[in-house]
Amino acid sequence: RGVLASTYTADSLKPILDSFSLDMDDGVLELRFNEPVNRSTFDPTGINLQQDSNQGYGGEYYILVRDGMSIIGGTEPVNRSLAFGETFAFNVTLGTTNLNAIKAKYPLCSTSSYTRLAVSVPIVEDYAGNLMTLSFRSIYSGIAPVIYTADTTRPRIISFTLYAAGTLTLRFDETVDWL
């Protein structure tokens, strides 16, 4: 037989984004929070990847779009060496649209020192429906990655066209710096 609680306090604590890891080679972003979050409420359009901790400093920045993004791999974090509970972290693929846009904004995310993450709107809720707090991760206080993996995969030519006028057009499988 059940027992009725004499007092009940609802969960009013908002989730906090503790840290993140970024793998630019595989295009995977890992987000880690201070409490379990409801991944089904995840909205990537509030995530700003920026060159500097403070977007006001004038460095490059990019706001993620949904196109091609997806939560991957259940609840298993990318970085298994950290002692975070599995429900506290999740991984998302950035997708081709985001990866190419980020690479086009060089030096954004080209090294760990040019990679900061901030949020402009809450990107997730906890299981009680509390929206993530923005107090510590605004565009003026972006955080550095715990783990950063650089893009080391060389671009490949996927097609070319040679025109009669002597113009050659090359198409690559990713954004390239043609200068």
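This is a predicted model: local features need pLDDT of at least 70, side-chain atom pairs count only at pLDDT 80 or more; totals for chains, interfaces and linings use all residues.

Me: Fine. Where is P107 found?
Reply: P107 lies in the loop between α1 (95-104) and β8. A cis peptide bond joins Y106 and P107, with omega about 15 degrees.

Me: And what is phi of C109?
Reply: Near 60 degrees, a positive value in a residue other than glycine. C109 also sits in the loop between α1 and β8.

Me: Is C109 buried or exposed?
Reply: Buried. Its relative accessible area is 2%, and the cut-off for buried is under 20%.

Me: New topic. Which strand holds L117?
Reply: β8, residues 116-119. L117 is buried, at 0% relative accessible area.

Me: What does L117 touch?
Reply: Leaving out residues up to four places away in sequence, its contacts include L17, F20, L29, L31 and N48. The C-alpha atoms of L117 and N48 are 5.7 Å apart, although 69 residues separate them along the chain.

Me: Now the sheet. What's the strand order?
Reply: β6-β7-β2-β1-β10, an open sheet of five strands with mixed pairing. β6 (70-72) and β10 (147-149) each have a single partner strand, so one side of each lacks a neighbour in the sheet. Twist averages 25 degrees from one strand to the next.

Me: How do β2 and β7 run?
Reply: Antiparallel, joined by five bridges. R32 stands opposite A89 in β7.

Note on methods: Residues are numbered from 1 along each chain as its sequence is written. Side-chain values use heavy atoms; hydrogens and water are left out. Helices (H or I, at least four residues) and strands (E, at least two) are DSSP runs, numbered from the N terminus. Buried means under 20% relative accessible area, exposed over 50%, partly exposed in between (1.4 Å probe, protein chains only). Contact means heavy atoms within 4.5 Å. Two strands pair if DSSP finds at least two bridges between them. Axes are lines fitted to C-alpha atoms, for helices over the stretch in contact, and angles run from 0 to 180 degrees between N-to-C directions.
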